[in-house]
Number of protein chains: 4
Amino acid sequence: MAKSKYEYVKNFETEKKLLPNCWIVVRIDGRAFHQFSTKHKFKKPNDENALALMNRAASVVMDEFKDILLSYGQSDEYSFVIRKDTTLYNRRGPKIMTYINSLFSTSYVYYWSHYFKETRLKYPPAFDARIILYPTDENLRDYLSWRQADCHINNLYNTTFWALVLKGGLTNTEAEKRLCGTLSSDKNEILFSEFNTNYNNEPIMYRKGTILIRKRIKNPEHGKMRQVILPLHEDMIQDNFWQKHSEILAIKSSQSYEWPPDMPLPDIVMSQLHINTRDRDKEIVVIEETV
Amino acid sequence: MAKSKYEYVKNFETEKKLLPNCWIVVRIDGRAFHQFSTKHKFKKPNDENALALMNRAASVVMDEFKDILLSYGQSDEYSFVIRKDTTLYNRRGPKIMTYINSLFSTSYVYYWSHYFKETRLKYPPAFDARIILYPTDENLRDYLSWRQADCHINNLYNTTFWALVLKGGLTNTEAEKRLCGTLSSDKNEILFSEFNTNYNNEPIMYRKGTILIRKRIKNPEHGKMRQVILPLHEDMIQDNFWQKHSEILAIKSSQSYEWPPDMPLPDIVMSQLHINTRDRDKEIVVIEETV
Amino acid sequence: MAKSKYEYVKNFETEKKLLPNCWIVVRIDGRAFHQFSTKHKFKKPNDENALALMNRAASVVMDEFKDILLSYGQSDEYSFVIRKDTTLYNRRGPKIMTYINSLFSTSYVYYWSHYFKETRLKYPPAFDARIILYPTDENLRDYLSWRQADCHINNLYNTTFWALVLKGGLTNTEAEKRLCGTLSSDKNEILFSEFNTNYNNEPIMYRKGTILIRKRIKNPEHGKMRQVILPLHEDMIQDNFWQKHSEILAIKSSQSYEWPPDMPLPDIVMSQLHINTRDRDKEIVVIEETV
Amino acid sequence: MAKSKYEYVKNFETEKKLLPNCWIVVRIDGRAFHQFSTKHKFKKPNDENALALMNRAASVVMDEFKDILLSYGQSDEYSFVIRKDTTLYNRRGPKIMTYINSLFSTSYVYYWSHYFKETRLKYPPAFDARIILYPTDENLRDYLSWRQADCHINNLYNTTFWALVLKGGLTNTEAEKRLCGTLSSDKNEILFSEFNTNYNNEPIMYRKGTILIRKRIKNPEHGKMRQVILPLHEDMIQDNFWQKHSEILAIKSSQSYEWPPDMPLPDIVMSQLHINTRDRDKEIVVIEETV
């Protein structure tokens, strides 16, 4: 068979390599997730299970691609920060971007039933991905600040909107009109005076999003230190975060982290430590297999 | 909150548009599927269910993106041919590529249990994607010929290899050595003389791969014409295919197709026609919802 | 000397190859030529010497790069059409673009004094360049039609504008106002009724621009056929041009062309035939050397 | 005239913007300059006039494009370093690259006769250009170190080669063979023991190339400070250079520089100060006009 006769078509493929020595960010974003969340009856303004599922999918990606130093998720988006000296797939952008996106996507479906026990996944969702280069630490920090500021702005809006609708009895359109042109301070005031809600006491995961970084923590079962992907809900905009977790920008090995003894370890950490939580033992094994 | 202070980072994003008036091909490819197929005990040399699942995932993609005129799949890869005048996502390559890849990926997991009733999916798989432009019909045809020739070459090799191993009792290494340097005719001869197998009688889906195109067929229940995504296993290398299905290169509306009355309609067509086959009625509904 | 220590910086270079099987167009364009033409007292609306110099510079480029099949110039711009199967510089776009642009630029300065005997070049001009791909013959023809239509529109405007100013005694601003919102027919009418000028009788080079193509013509000295780069001023928008010069789109060797015996051969052709015209024998030698 | 019918072809143009916050380097390089230098009888191993002409052309470019902070030239190549925060042409790479290349090219021809009084330019030369991004100061310094190390290596080789040929009476081939596999120390030894030449006493411009930076110097005529583009021949590999000229990486305004009183100001500086040196007054005016 004249295979060679057709192989010239390979020359039409391009192979764009990413500029060296730049931070690489892959951001994935849900397609038509407004509709998706409605169809699957996500709680408003935040669905804890939906966010936990996003975090789980991201942790699978991060577990697979060791060059991801930090991930940040909020709403239906997740950003993955890849070390600037990575040689992953010879820095071919499309390869990096599509593998991360695909693995996130399949993990989202794979773990769906673990987080939504009673809601059947009605159809396969989709995520898009983009890849962005940031030459300096400052640019990278500003990127993450941008996404976290976006999380805050959207969450404050959504929290107020849904308070007006669910507790205040307004229609969606009425709530929209009410909020049109309001400042942050106005929304805080509405929440406080009308719904007796102090926005700052809302769950921190909703207000700050979720940061995943590699840390060494004490295994609660046998007390030995173990590296895990840890979900944090801290403020990345201030310098403090970057001083406390200085290994990230320095591209150093993971540091030890003292988890508050009175707080339960998050689900996705327990699974990494092979500690059974409820009925999840099978999936825990699965994740390990993919390492 | 000083959101604007950080928004400058959006300028680091690039927005590459695809050259107009070129055929667009997106090819997805399984990551480490050799290992994946072993872990999930795929039958060798071909696993009918695994191929049917690939076809199902591709049909979901094609159902969603109407500008895909033809898809072609073999082994763990699938190529999607998008009409050259598409304005999908304003011809932004990464957007087109990542959405198609993501939806294929989630569909693969979503429909897994439908095709593998007894084999649990052990971990989420991943696919990469690439996007390629072909300026002329001839280039596009040569691309598809290249993939179909590749299918033939690999399938002939694998059929012979696994005959030697499974029926001939050779080890993998012995079978490799035996086939090293052999021509197509040699492999045909091995199959015929040693295993009484005429390669040309092997199932056509294995030898030719699967072509998905839109056709109008008669609904067997009520006899009305209905547009469906139809799986064909024909030779795309010869001119005949392109004459018979001339609407593809001409970018015309789908043509009627007479399905052989004595052959059952394939599973993925039945589901599009809302005809229950075994216990699949729930999933059939699901596909329709995504349209 | 630790040379290798620094050589890693070469990895920051990118090497973008042009999509195969597309027509390649390089268009160069004068930088701030409005000012340049004023400083050098170009005649308005058209300076014959300035256009002849552009043509000369383009013919040097075309003589050097044999894969240029056709060039088209008007005003301070020139387009070079490169055969779609070229392997020039391995189809590296920046290389092709910058060499053509640089050689055009240096030739413009080099031959300046030949065309502007009494006007000294006051400072070195500059040209930018862009590179564009066209997948089909139709796209390429439409590109050239676009540039030639642009030539017509601009020249009709400029001819009328300068008639109003130079013959009609209007100021530039008055002439601008007069022409604001006028149609082609209005401008033709102004020229005809006010300045007794039939626009269609204006020199064809001004109305159509200059096309350079390779042709075989009879050397007037000894009568033998010789391949030259021939300047034509024909309509490329109609089919007729492409039928008459069918070798271009067919990428065939140059065809013979019968130059009207009663018309003198253009200057840039004479020089290619080594026929002395006035004092240009030295430069003629020079061009040959660069071949 | 149906102009709009063709304008769609503009959509085939791409507009690639350079990644923000990266140093931009444009390097131009002579095409076939080995042959060019032979044809124009350049002195070997270094032709002072040829290098002075390169420096002059580069200074015209730098005078025109104020965002070029430093230029570095050696042999037939020149690198232009553009400030990383430039918004020149909206950071469109091809535009920046082709304008710089074109202006360098035309200046080379324009000033040829000023440096080569008796050698006529036989044909227009050409230069190619490439554009490279460097994310950090360290990467940029390493780039310049790479080019300066290259200058040293080539010049040591050429100095020894031409000593063997011109003074030692070897043929080119014999000299090549003699030098094959030799280390720097070997070449230094050949020069010293056979030709009584201490390589370190060779003119510094040949050994280090030419750095052009903006400085404020005392105008020798009236003593006032004036900003000029100053040619330096210093070692850029060591830290000392970057401490001394710290304004470059800091993107600060030009600093004052004390020119050694016993050394004549270079030609290209005198022209910037409008001080006549020999018969160059006309060109001096010209440069100013282009600012």
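Predicted model: local features only at pLDDT ≥ 70, side-chain atom pairs only at ≥ 80, totals over all residues.
**The annotated region of chain A**

UniProt, in an unreviewed entry, places the feature "domain: tRNAHis guanylyltransferase catalytic" at residues 6–135 of chain A. Over residues 6–135, the chain is 37% helix and 22% strand.

How big is each interface? The size of an interface is often given as the accessible area lost when the parts come together. The table sets out the values for both pairs.

| Pair | Residues in contact | Buried area | Share from carbon and sulfur | Salt bridges |
|---|---|---|---|---|
| chain B and chain A | 61 residues from chain B, 61 residues from chain A | about 5400 Å² | 62% | 8 salt bridges |
| chain A and chain C | 7 residues of chain A, 7 residues of chain C | about 540 Å² | 79% | 0 salt bridges |

Take chain B and chain A. The area buried between them is about 5400 Å². On the chain B side, B:Y6, B:R31 and B:W146 lose the most area to chain A. Together they give 13% of what that side buries. The pair has 8 salt bridges. A salt bridge joins A:D128 to B:K95, with the closest N and O atoms 2.7 Å apart.

Now take chain A and chain C. The area buried here is about 540 Å², and carbon and sulfur atoms give 79% of it. Which three residues of chain A supply more of its buried area than any other three? They are A:F12, A:L19 and A:P20, with 65% of the area that chain A buries against chain C. The count of salt bridges for this pair is 0.

**A helix pair in chains B, C and D**

In chain B, helix α6 covers residues 137–167 and helix α8 covers residues 184–195. They pack at an angle of about 35°, and their axes are 10 Å apart. Is the crossing left-handed or right-handed? In chain B, α6(B) and α8(B) cross in a left-handed way.

Several residues of α6(B) take part in the contact, among them B:L156, B:Y157 and B:A163. From α8(B) come residues including B:I190, B:L191 and B:F195. By class, the contact of α6(B) with α8(B) has 7 nonpolar, 4 polar and 3 charged residues.

The axes of α6(C) and α8(C) come within 10 Å and cross at roughly 35°. Their crossing is left-handed. The contact includes C:T159, C:T160 and C:L164 of α6(C), along with C:S184, C:K187 and C:N188 of α8(C). Its residues divide into 7 nonpolar, 4 polar and 3 charged.

Helices α6 and α8 of chain D pack at about 35°, with axes 10 Å apart. The crossing of α6(D) and α8(D) is left-handed. D:K167 of α6(D) and D:E194 of α8(D) are among the residues in this contact. The contact of α6(D) with α8(D) counts 7 nonpolar, 4 polar and 3 charged residues.

Notes:
Residues numbered from 1 in each chain as written. Chains lettered and ligands numbered in written order. Heavy atoms only, no water. UniProt positions renumbered as here; feature names shortened; annotations may be inferred. Helix = DSSP H or I, 4+ residues; strand = E, 2+ residues; numbered from the N terminus. Axes fitted to C-alpha atoms, helices over the stretch in contact; angles between N-to-C directions. Left-handed = near helix turned anticlockwise from the far one by under 90°. Contact = heavy atoms within 4.5 Å. Nonpolar A, V, L, I, M, F, W, Y, C, P; charged D, E, K, R; others polar. Buried area = accessible area lost by both parts, 1.4 Å probe. Salt bridge = Lys/Arg side-chain N within 4 Å of Asp/Glu carboxyl O.
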